[in-house]
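Please read the notes below with the model open beside you, and check each point against what you see there.

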Amino acid sequence: MRQPSDTTTTAKRSTIRRSPWHLPWKLGLGGAVLALLLAACSSSTPSASSPTSSSAKPTITLVTNSWEGSLANNVVAQYVIEHDLHYPVKLLDLSEIPAWPATAQGKVSAVMEVWGHYKHYQTYVVGNHEVINAGLEGPMGSIGWYVPTYLMKEHPSLATWKGVKKDWSLFVTPQSAPQGQFLDGSPSYVTNDAALVKNLGINLKVIYAGSEAAQLTEIETAYKARKPIIFYWYTPQYINAVYHFSEVQLPPFTSKCAALPASQINCAYPPYYLYKIMNSHLPKTAPAVANFIKRFNWTSADQDSVAYAMAVKKESQTAAAAAFVKSHQSLVQSWLSGPFTKVRAPIVGT
Amino acid sequence: MTVAIGNETTLEEAEQLGVDRPASPRGTGGPSVRQTLAKPWVGLVVLAAGAVVSAILTGVKGGFPAGWVPGSISAFSSLGTWITAHQSSAPFFTDVLAPIGTGLNAMVSGVSTFLGWLTWPGLILLGAFSGLAAGRWKTAIFLVVAIAAFGLLGLWADSMSTLSLMTVAVGISVVIGVPLGIVAAFSRHFEQLLRPVLDLMQMLPAYAYLVPIVILFSIGNPGGVVATVIYATPPIIRLTLLGIRTVPDDVIEAGKSFGSNRWQLLRKVQLPMALRMILLGVNQVIMMALSVVVIASLIGTGGLGDPVLQALNIVNVGDAFTAGTVIVLMAMVLDRVVSAFGERADPAHRTSKGMPVRRRRELIAAGFALVVVTALVAKLGFSATNFPTAWSFSVAGPLNTGLGWLQHHLYHYASVPIVGGTSNLSAFVTLEILNPLTRIAGDMPWWLAVFGTAALGYIIGGWRRALLVGICVTGIGLLGVWNDSAATLAQVLVALVMCIIVGLPLGVAAYWWDPVEKALRPVLDVLQTMPAFVYLIPVVLFFSVGNMAGVTASFVYALAPAVRLTNLGLRRVPRDMVEAGTSFGSTRLQLLRKVELPAARPAIVLAINQTILLVLAEVIVAGLVGAGGLGYDVVVGLERDEFGLGLAAGLAIVVLGVVLDRLTQGREQRRPARAA
């Protein structure tokens, strides 16, 4: 179908070829290409040579998980690694589960806060040694049942699970009706709540918010209206400095109860010894950083203060980290030359 | 020139293929047994008998018999474990997949380096000249504003890494998709083989396979590109196939009479004629690729998904919305650039532009040189790779304040006259509609569900469809997620009804009044491209954690095709039909009811079909706001490393999609290419 027009297009082309604009057009294009190539060379030579000359200093990649405390650890660690150890640092947003294979493959240098993950610990630390346990981080992770403090004041019996068992009807919502609602959060966090309400005989239905953002939004809405709500929550968490929550006592945790199958658990959550992990090659490729990570250790209050500065006071990551480092000189010094933190493996059920 | 117009062509296609239909031998007479079976009552009696026999054999108990579930979930889980165990030893993984991952990473870094050279003034200028080269001032201005907005909103660096990843992913999708589409266009067998694969790629939520992708291709760019390509390639395959198939026969005959061989025919006739469809495919690939930006961030690709996720961690809707807006703008930028160059390549448009070829060439050369000079000056003179942070501003504060105000005034029971607050509405829908529907669907005895849907399929599409639907429903039971599927089904149905109640009138309004259509168009574009993660918090603010929040999120996302296709269907009603109606003295409403709506029925049926599929695509987000169901299972699969549960639920979503798709397609209509 294009045949008839072929002659006309060649005719057009030949007029272009003869045009006086022909030369400048081509020259301009050629010049432009040349200039781009030059730009490529000039800008790529220094950047290509600089990593090779400082190949002793690889980029350190730290994983940021979906809770703000994880980011708080990382911005402070980044600040110290960059300012005192002079390694470039990159923070990478990643889910908890993919973080394990990524650390094993060396795509990630370290994770500064790990909650439990007994199964992955067995695979990658105990099993194929691709990941190293870099010791405890300091804060104890604590999971439990919480209600807003205003509610606890109104109903002091809610201080224990027995009070919840009696007053379950406070918590009825359309979603859980005719039962009361117990609000769980992100599916990535370990929860026994469905088993707990069943085994303790409490007339609550566990509703899974599906994400921490949704759970927190729901808690805030109830909090602002001073309405009853009961939910799964944890420390360290900066939001505990914004809202006042009170913990509901569950039957005490025992190792005997922890050994039960998941569906039969009837006691409080185990304490979580939060720990750090790193790629097994890090001590060779960046020994100073590996030692820093093994020494890094602080408290829940430290972490909350940095997270609070970023999330609530809207400070930039660098500003929040710098402020913390400036006011905690001796602590930071201990991360550079102090003893390594204690190593403790996660227990079954975490 | 608008974003995400794919749905319109699906209608075109449905019609064209419908015309094609009578020629196929399948519809014409068959053996007499078949004719007997084709009598509707015979089929229904057979199916009813099947139901009764099954009921007698397995009892009338509700739900799916637990004993029949063959442990699919644990089988899938062991597959996941096997991959983990062998990723560093099996030759296929180390010698084939690992180098692919390295190559992908190199490509993304290459584009990223190039964007670094170009610098921000260079990129803005390049945008301007892409618009001008197509001879469109408005496009040029839009591109300048939109690209500058990446920096002005403070997200230049994140935008560049997303742009690099998108360029590579879209490029690969096109390079893979067009040849596959061509092959499928010439081979019915290949096409039949390909179709279920494409359905699977498009409907299986990316969440369900993120962990294996990380293990095989590692986190970051390689995994991100692979996940994006899997999700974004199907539309271009479908539309290439369609474009080539729908080249009119007489044109091909003409080509043959000139003595073209098959290859010449393809290159000189069929591909140029199909170019429009292929370009539409590219447009759809871009839209779909950008819709997985946030999910890709879960596996460490960085880019614009990060600010969205970080904003969610601290419940900051304003920040999430800002990043979401940049994603929408990027989709529009890429779309405009592709269509600008596409129109130049389109033979139908080439001569119609006023500008002579020579002047345009000069302009392009000058523009290109200017871009290079700008980049050089900016790079060497000002080292301006990154947009100056001092120029950027944040709209998050006012947005959050506004949203807080809205919640305060709309949420609580007494705040809105007559209907009550949004929490009231949510409670009503949950208690009176969603909960009972979920219960009915979940407690329905399996034989009633299987034979009932099969009967529906039989009425709509005969034996073949009855068989397919029956097998699919049984499959959901065998996957071991019967009750969660019931919850999801209830939500899908309610969201669908909401879309119809709101979408059809809006479509009619857009048909009646052009200004409404104009005003709606950008809104619908944004609804379809804004990442759903952004409105995760707002839906909870207004409707509380639960299935109503999930339904609302799905409704928002799926509204666009309902409005668009209704409008389009009405606009395509032949003028003489409408005029005849007018001459009988019908009022506008009568005309609509008696003439236009019946004539637009195929389009409306297609609208419903598309809406269902989009609602299903949104099931994951429903899982993130407490709606439970299959979406929550898939999220758990990723977040708690329960690969088996995630994959089973993901497959159930696909199967549910197939069932609803087949039950809402008209009798004669062939599968439309799902482009949305």
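Leaving aside its neighbours within four places in sequence, which residues is A:A110 in contact with?

1. Before answering, a word on the conventions: this is a predicted model, in which local features need pLDDT of at least 70 and side-chain atom pairs count only at pLDDT 80 or more, while totals for chains, interfaces and linings use all residues. Residues are numbered from 1 along each chain as its sequence is written, chains are lettered from A and ligands numbered from 1 in the order in which they are written, and side-chain values use heavy atoms, with hydrogens and water left out.

2. With those neighbours set aside, A:A110 is in contact with A:T61, A:L62, A:V63, A:I277, A:M278 and A:I293, where contact means heavy atoms within 4.5 Å. The residue lies in strand β3 of chain A, residues 110–114, and strands (E, at least two residues), like helices (H or I, at least four), are DSSP runs numbered from the N terminus. A:A110 counts as buried because its relative accessibility is 0%; buried means under 20% relative accessible area, exposed over 50%, and partly exposed in between, with a 1.4 Å probe and protein chains only.

3. Turning to chain A as a whole, its secondary structure comes to 15 helices and nine strands, and buried residues make up 51% of its 350 residues. Of the contacts in chain A with a separation of 6 or more, 75% are accounted for by residues 24 or more positions apart.

4. In chain B, helix α4 (residues 72–86) has 15 residues, which at 1.5 Å a residue should span 21 Å, and this agrees with its end C-alpha atoms, which are 21 Å apart; the expected span is 1.5 Å times one less than the number of residues. Within α4(B), the residues B:S72, B:F76, B:G80 and B:I83 are buried. They cover an arc of only 80 degrees around the axis, so they sit on the same side of α4(B), the arc being that of the directions from the helix axis to the C-beta atoms. On the other side of α4(B), B:T81 and B:A85 are exposed. The cover over the buried residues of α4(B) includes α5 (91–133), α9 (210–217), α21 (446–478) and α31 (643–664) of chain B.

5. Finally, the contact between the chains takes 60 residues from chain B and 59 residues from chain A. The area buried between them is about 5400 Å², of which carbon and sulfur atoms give 63%; buried area is the accessible area (1.4 Å probe) that two parts lose on being put together, summed over both.
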